[in-house]
Amino acid sequence: MFKNYLILYIFLLAMVNLHTANAHHELEDQNIVNGEENYQAHCASCHGVDLEGQPNWRTMKADGSLPAPPHDATGHTWHHDTKMLFDYTKYGGQKTLAAVGITDYKSGMPGYEDVLSDLQIWEILAFIRSTWPKDIQDLHATRH
């Protein structure tokens, strides 16, 4: 009986690890160089050339929105799942939040659906993720 439980435990453990390893397949094998180029061209003006974000990014501005957060390891980007990051980039903050019922938050993030292709967005997100330390990348891989 113990042997059966041990086999089941090992199987479940392997499945959890497999799921975590494949959790971010959208970001695997993306062109990081293209991602960095598009990040610099479309994102760096707000989020910083070195992904550092705007000063006082946790302090509400007069219009009720927050400054652009950093996308480096000091920010909260890695706290969000990949699909949310994609939608936030493609459709913008207001539209993405409204889709999940959050209507009382003002986001300054514009949508890029008419500017960047889906592939370019995935490449940008892969570039951003590639700059994080391995332990943060691993934590992010569990955010699904």
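Student: Where does H71 lie?

Tutor: H71 lies in the loop between α3 (44-47) and α4. Before going on: this is a predicted model, in which local features need pLDDT of at least 70 and side-chain atom pairs count only at pLDDT 80 or more, while totals for chains, interfaces and linings use all residues. Residues are numbered from 1 along each chain as its sequence is written, and side-chain values use heavy atoms, with hydrogens and water left out.

Student: Is H71 buried or exposed?

Tutor: H71 counts as buried, because its relative accessibility is 13%. Buried means under 20% relative accessible area, exposed means over 50%, and partly exposed is in between (1.4 Å probe, protein chains only).

Student: What does H71 touch?

Tutor: Not counting residues up to four places away in sequence, H71 touches Y39, H47, L51, T77, I128 and W132. Contact here means heavy atoms within 4.5 Å. The side chain of H71 also makes a polar contact with the side chain of T77, at 2.6 Å. A polar contact is a pair of N or O atoms within 3.5 Å; within protein, one must be able to donate a hydrogen and the other to accept it, and residues adjacent in sequence count only if both atoms are side-chain atoms.

Student: Stepping back, how many helices and strands are in the protein chain?

Tutor: The protein chain has 7 helices and 0 strands. Both are DSSP runs numbered from the N terminus: helices are H or I with at least four residues, strands are E with at least two. Of the 144 residues in the chain, 36% are buried.

Student: Back to α4. Which of its residues are buried?

Tutor: T82, L85, F86, D87, Y88, T89 and K90 are buried in α4. That is 7 of the 10 residues, so α4 is largely enclosed by the rest of the structure. Its buried residues pack against α5, α6 and α7 (134-140).

Student: What sits at the ends of α4?

Tutor: D81 caps the N-terminal end, with a side-chain oxygen 3.1 Å from the backbone nitrogen of K83. After α4 comes G92, whose phi is positive, near 90 degrees.

Student: At what angle do α4 and α6 cross?

Tutor: The axes of α4 (residues 82-91) and α6 (residues 118-130) come within 10 Å and cross at roughly 125 degrees. That makes α4 oblique to α6. Angles under 35 degrees count as roughly parallel, over 145 as roughly antiparallel, 65 to 115 as roughly perpendicular, and the rest as oblique. The axes are lines fitted to C-alpha atoms, for helices over the stretch in contact, and angles run from 0 to 180 degrees between N-to-C directions.

Student: Which residues meet there?

Tutor: From α4, T82, L85, F86, T89 and K90 meet D118, I121, W122 and L125 of α6.

Student: And M109, where is that found?

Tutor: M109 is in the loop between α5 (93-99) and α6. Leaving aside neighbours within four places in sequence, M109 is in contact with H47, Y88, T89, G92 and G93. M109 and G93 are 16 residues apart along the chain, and their C-alpha atoms are separated by 5.0 Å.

Student: Last one: what is the phi of D29?

Tutor: D29 has a positive phi of about 60 degrees, although it is not a glycine. D29 is in the loop between α1 (2-22) and α2 (32-42), and is exposed, with a relative accessible area of 80%.
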